[in-house]
Amino acid sequence: MVLEAIIFDMDGVIVDTEYFDFKIQKDFILKSNPNFSCDESELLQLVGKSYNTLYKLLQNFIGDEFSISEIEEEYTKFSEECYRNIDYQKLFRRDIEFILKFAKANNMKLAVASSSRKQHIIEVLEACHIYQYFDYIESGENFSESKPNPEIYYSVLKDLSVVPENCIALEDSYSGIEAATGTGIPRIGYYDERLPIFNSKASWKVDNMRQAFEIISSL
């Protein structure tokens, strides 16, 4: 394997926000439907979804008396308020810097492929002081279907001019690993025990970024 590029998901990989997002989604459901009751494991399907898919899933839990556009408007306001004072520096997985510096020292390309909006991706990378490392940023908002649809990864591969077998994708969610799998990119899967879902299609499984660095440097 000739490793030419590393592609990162953002939420749950670069910053520890996936669980925070999950709690926001759960709180929004309870706020919108105080009588809501179900096993929390059923809510795990919300994790790692694109915005359009998320709004449809929220509608399933809240009730179809709320339109998708109403849910989008209210959830956007609700989540923005929750995120208003968040400190991304505290949520930054700092061991990723070992990977970024190693990649640049070895002339590898770096990209982010995230379902989040592009402006939000940039804000997070700048807050963590790592924006300058990345050659390309792709957002799920540019596609009619984001992850698990592999289109976002095909777009990154095209822009970086690399073939799948010479890349590594770092993902944490089931949908993200599924998307990378669809392109044939080898996958490092980050496992978070607070969100006990994992896609066994990951080529490697890690629970910290130092382990991910060891895998990448060994290649």
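Four bridges link β1 to strand β4 (residues 167-171), and the two run parallel. That pairing sits inside an open sheet of six strands, ordered β3-β2-β1-β4-β5-β6 and parallel in its pairing. Keep in mind that this is a predicted model.

- On average, neighbouring strands here are turned by 20° against each other, direction ignored.
- β1 also pairs with β2, again in the parallel sense and again over four bridges.
- Ala 5, for its part, stands opposite Cys 167 in β4.
- Is strand β1 (residues 5-8) covered on one face or on both? Both: Ala 5 and Ile 7 are buried on one side, and Ile 6 and Phe 8 are buried on the other.

**Helices lying on the sheet**

- Helix α6 lies across β1, β2 and β4, and runs at about 150° to β1.
- Helix α8 (residues 151-160) packs on the sheet too, touching β1, β2, β3 and β4.
- The direction of α8 makes about 160° with that of β3.

**Helix α7 and its buried side**

- Which residues of helix α7 (residues 118-127) are buried? They are Ile 121, Ile 122, Val 124 and Leu 125.
- These residues sit on the same side of α7, because they cover an arc of only 165° around the axis.
- The general rule behind such a pattern is that an α-helix has 3.6 residues a turn, so residues three or four places apart point the same way.
- The cover over the buried residues of α7 includes α5 (88-91), β2 (109-114) and β3 (136-139).
- Leu 125 belongs to helix α7 and counts as buried because its relative accessibility is 0%, with the limit for buried set at under 20%.
- Beyond its neighbours within four places in sequence, Leu 125 is in contact with Ile 14, Val 112, Ile 130, Tyr 131, Phe 134 and Ile 137.
- Val 47 is 78 residues away from Leu 125 in sequence, and the two are 21 Å apart in space, C-alpha to C-alpha.
- Just after α7, look at the backbone of His 129, which takes a positive phi of about 60°.

**Helix pair α6 and α10**

- Helix α6 (residues 96-105) packs against helix α10 (residues 209-218) at an angle of about 25°, and their axes are 8 Å apart.
- Angles under 35 degrees count as roughly parallel, so α6 is roughly parallel to α10.
- From α6, the contact uses Ile 96, Phe 98, Ile 99 and Phe 102; from α10, it uses Met 209, Arg 210, Ala 212, Phe 213, Ile 216 and Ser 217.
- Sorted by class, the contact of α6 with α10 has eight nonpolar residues, one polar and one charged.
- Asp 95 is in the loop between α5 and α6.
- Asp 95 touches Met 209 and Arg 210, leaving out residues up to four places away in sequence.
- Asp 95 counts as partly exposed because its relative accessibility is 27%.

**Helix pair α3 and α4**

- Helix α3 (residues 51-62) meets helix α4 (residues 68-83) at an angle of about 100°, with the axes 9 Å apart.
- The range for roughly perpendicular is 65 to 115 degrees, so α3 and α4 are roughly perpendicular to each other.
- On the α3 side, Leu 54, Tyr 55, Lys 56, Leu 58 and Gln 59 make the contact; on the α4 side, Ile 68, Ile 71, Glu 72, Tyr 75 and Thr 76 do.
- The residues in the contact of α3 with α4 split into six nonpolar, two polar and two charged.

Note on methods: Residues numbered from 1 in each chain as written. Predicted model: local features only at pLDDT ≥ 70, side-chain atom pairs only at ≥ 80, totals over all residues. Heavy atoms only, no water. Buried < 20%, exposed > 50% of the residue type's maximum accessible area, 1.4 Å probe, protein only. Arc of directions from axis to C-beta. Contact = heavy atoms within 4.5 Å. Axes fitted to C-alpha atoms, helices over the stretch in contact; angles between N-to-C directions. Parallel < 35°, antiparallel > 145°, perpendicular 65-115°, else oblique. Nonpolar A, V, L, I, M, F, W, Y, C, P; charged D, E, K, R; others polar. Pairing = 2+ DSSP bridges.
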